[in-house]
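Have a look at the picture first.

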Amino acid sequence: MTFNATVLTLYPEMFPGTLGISLAGRALAEGKWAMNPVHIRDFTTDKHRTVDDTPAGGGAGMVLKVDVLAAAIDHARSINPDAPIIAMTPRGKPISQQRVRELADGPGVTILCGRFEGFDERIFEGRQVEEMSVGDAVLSGGEPAAILLLDACIRLLPGVMGAASSGTEESFEDGLLEYPQYTRPTEWEGRTIPEVLRSGDHAKIAAWRKQKAEEETRSRRPDLWERRSDVRGQSASGARRKNEDLGS
């Protein structure tokens, strides 16, 4: 089954973009996934091919029209009816590795890229559009965010990465950040590769990596650490909660 990516955009020339090179580009050439950029303007009905209008109630900027968006989405559904429709928007749920894996395991995805002040609100319920965000930052449009999401999905498709373990021994796959990595030279500016990694003892190396992954997650991303059910009692804010429970 080929992973089909349909991107609804006002700038179809931005695709495949960086997805046309390196691992994703090779996989595209080999037919492991397919890219279909669709111009939203093709679904307008007036002679000026109008895709946006002023905000209801007044205000700055322009809003993408719901009827044009709906027509574009309906077209995409006719191509890949089982693919989820995702709109890239700052207010959406942040991308997670779990959601990426779910998408990569499916038939593909249709991504709606916004511009200007965003979408007419009625499109989300009217066409069951899932909102997704790349983080707490505002981009000039949804296209860079769409490329990010597709890159995360494509690298997980069968045969895209060289080593089967490459997709599992990484940040977020087990709810943890990845452990520190090293390579030759053994010593650089007085800094050496940890001795355990040079020991050849695979059990000790695995234990060290797990410990370091937990330490990195606890110190750098306490939010991730707290979400791990098996370590919830050892969370970064656990001591504070204990004091609150004791009334201190």
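Start with helix H3, where Gln97, Val100, Leu103 and Ala104 are buried (under 20% relative accessible area with a 1.4 Å probe, counting protein chains only; over 50% is exposed, and in between is partly exposed). Looking down the axis of H3, these buried residues fall within an arc of 120°, so they line one face of the helix. Their cover includes S1, S5 and H5.

A word on the source: this is a predicted model, where local features need pLDDT of at least 70 and side-chain atom pairs count only at pLDDT 80 or more, while totals for chains, interfaces and linings use all residues. Residues are numbered from 1 along each chain as its sequence is written, and side-chain values use heavy atoms, with hydrogens and water left out.

Now for the inside. A nonpolar core is a set of buried Ala, Val, Leu, Ile, Met, Phe, Trp, Tyr and Cys residues joined through side-chain atoms within 4.5 Å.

| Core | Size | Some members |
|---|---|---|
| Largest | 30 residues | Phe3, Leu19, Trp33, Met88 |
| Another, apart from it | 21 residues | Val38, Leu64, Val68, Ala72 |

Finally, find Leu139 in the loop between strand S7 (130-133) and helix H5 (143-154). Leu139 is partly exposed, with a relative accessible area of 41%.

Technical notes:
Helix = DSSP H or I, 4+ residues; strand = E, 2+ residues; numbered from the N terminus. Arc of directions from axis to C-beta. Contact = heavy atoms within 4.5 Å.
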